[in-house]
Amino acid sequence: DEGSLEVYKFIGDKYSLLDETTMNYDNTNYQIKIGKISESTNGILLSNSVGANSGITYGFVLEDNKLKSIFNESKISLISIYAKNEIKDIDNDGILEFSIFTVDPETEATSIEDSGKMILWYKWNGKDSGDLVKVEREDYSETITEEEVFNQGKSLINENFNEALGFIMENKDLLSKYENVELIKEYINKLGELSFDKSIEVDSLFVKYQEGENFDHLFRKYGLSMEKLNSLEYLNREKTLKDEGELKEDLIENISLGYKLATSEGVYYYLIDYQKFVDLLGDRITNEYKDYLKILALDSNEPYMLDGSLVISMEKLAERILQVESFKFVYPYSDLLPEVKDIYLRYANTYFFGDLHTPNYDEKTFVMREEALQEFQRALENYSYTNFADIIRGFMKDLEDNNNIIDDSVRNKLAEKLN
């Protein structure tokens, strides 16, 4: 029996069925609450048992006497690993919250039974997801326990920067994952602060040793490539840049610190090499921060834009969007979400509208190009169960209703979906 949720209204001297919705072959209901789910909206929140031990939460409102689901499962995880989640007003404001009982992403256990658990409390966001209002974590601590070593690392970052990364690496196993993350965050912030001056310095060294020759003089002289210039093994060879000692020393020092040499429009500069920190500290930092660094490394490893032009395929760009979307889904509590969302918006706007030089629409008529529509359709087929696919589907419907013309209305509707 598939089962259903039925809503009745008392009319005259009896109850009459208003509407019903199927319950997807769930086992049994173990909690249901009817009440305020926002300041101005009443609704139904309920949890059903599924599988052997798990639970799933649903939410509904009545619109014109019809049940309407208020949650998009591709935006928010509604599965609890055990039926221990709750629905109640936890802050006494008269509005119901609901919890999801799940595995902590930082757990090191391999089985659900032994894993660290986490309770995520949400309020309905008034649209199709939830706003996180409280997090309860069993086995995760953000306490500094090795204060002496931790403070020594912080001091080195601020006072003797060239020694800091080596110190962090030497002590990574002594410090907790949280402590390592806090140090590496500060270290990377310092890299960012110093990058402008260091970029000016390295570019001036290239100019000095080019001796009035063409931009690629050193490349032709030594058979260089950007890959070679970012390889410490190559740079430390005796014959590498044998006549350009200052440049060689600068490259070795800064690439060792965590920079990566890049070039654009005839200028050399340093980027932060985020992949380096994933490789060095991957198992000694939190999964949350490691996955964040992996997102940042996407663009430092292979920039998606150069000189205002998209230089990776639309398919690759879609894959990046999905990776960022996954972070938002797995770590809804993350303090890094504002930065991650900014990356998501940059990628998504480029995906839908194209770049500065080659937009996805005709610049005179603003009609979406056929090849862009074909790419959207391909993504729909490949990623049909994702939130990104829902956004593409809605965008294509808005385009169709607008004769495939990009205007402010279509842009504003997409912006609302992306946010």
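The paragraphs below go through this structure from its overall make-up to single residues.

The model is predicted, so local features are given only where pLDDT is at least 70 and side-chain atom pairs only at pLDDT 80 or more, while totals for chains, interfaces and linings use all residues. Residues are numbered from 1 along each chain as its sequence is written, and side-chain values use heavy atoms, with hydrogens and water left out.

The protein chain has 14 helices and 15 strands. Helices (H or I, at least four residues) and strands (E, at least two) are DSSP runs, numbered from the N terminus. Along the principal axes, the C-alpha atoms fill a box of roughly 100 × 65 × 35 Å. The chain has 419 residues, of which 47% are buried. Here buried means under 20% relative accessible area, exposed means over 50%, and partly exposed lies in between (1.4 Å probe, protein chains only). The exposed surface comes to about 22,100 Å², with 46% of it supplied by carbon and sulfur atoms. Such areas come from the Shrake-Rupley method with a 1.4 Å probe, and for residues only the protein chains shown count as cover.

Contacts tell how the chain meets itself. A contact means heavy atoms within 4.5 Å. Among the contacts in the protein chain with a separation of 6 or more, 52% are between residues 24 or more positions apart.

The interior comes next. A nonpolar core is a set of buried Ala, Val, Leu, Ile, Met, Phe, Trp, Tyr and Cys residues joined through side-chain atoms within 4.5 Å. The largest such core holds 115 residues, and those that touch the most other members are Tyr187, Leu251, Leu293, Tyr351, Phe352, Phe376 and Phe395. Helix H3 (residues 177-210) gives the most to this core, with 10 residues. Another core, of 5 residues, lies apart from the largest one and includes Ile81, Phe101, Ile119 and Trp121. Leaving aside residues up to four places away in sequence, Phe395 touches Phe352, Phe353, Met368, Phe376, Ile406, Val410, Leu414 and Lys417.

Helix H3 also carries Asn189, which is exposed at a relative accessible area of 51%. Asn189 and Glu319 are 130 residues apart along the chain, and their C-alpha atoms are separated by 27 Å.

Helix H8 (residues 274-281) has several buried residues: Tyr274, Lys276, Phe277, Val278 and Leu281. Their cover includes helix H2 (161-171), H3, helix H7 (245-257), strand E13 (267-272) and H9.

Charged side chains can be followed in the same way. Lys and Arg count as positive and Asp and Glu as negative, while His and the chain ends are not counted. The place of a charge is taken as NZ of Lys, CZ of Arg, CG of Asp or CD of Glu. The protein chain has 46 positive and 82 negative charges, and their mean positions are 2 Å apart. A salt bridge is a side-chain nitrogen of Lys or Arg within 4 Å of a carboxyl oxygen of Asp or Glu. By this rule there are 28 salt bridges.

One of them pairs Lys123 with Asp93, and the closest N and O atoms are 2.9 Å apart. This pair links distant parts of the chain, 30 residues apart: Lys123 is in strand E10 (residues 117-124), and Asp93 is in the loop between strand E8 (87-88) and strand E9 (97-103). Lys123 is buried at 14% relative accessible area, whereas Asp93 is partly exposed at 34%.

Another salt bridge joins the side chains of Asp104 and Arg137, at 2.9 Å from N to O. Asp104 lies in the loop between E9 and E10 and Arg137 in strand E11 (residues 130-137), so the pair ties together parts 33 residues apart in sequence. Asp104 is buried at 4% relative accessibility, and Arg137 is partly exposed at 21%.

A further salt bridge connects Glu302 and Arg320, at 4.0 Å from N to O. Glu302 is in the loop between helix H9 (287-301) and strand E14 (305-306), and Arg320 is in helix H10 (residues 314-330), which puts the two 18 residues apart. Glu302 is partly exposed at 32% relative accessibility, while Arg320 is buried at 6%. Salt bridges with shared partners also join Asp91, Asp93, Glu97 and Lys123 into one network.

Asp64, which is not a glycine, has a positive phi of about 55°. Asp64 is in the loop between strand E5 (54-63) and strand E6 (66-69), and is exposed at 76% relative accessibility. Asn92, also a residue other than glycine, has a positive phi near 55°. Asn92 is in the loop between E8 and E9 and is exposed, with a relative accessible area of 71%.
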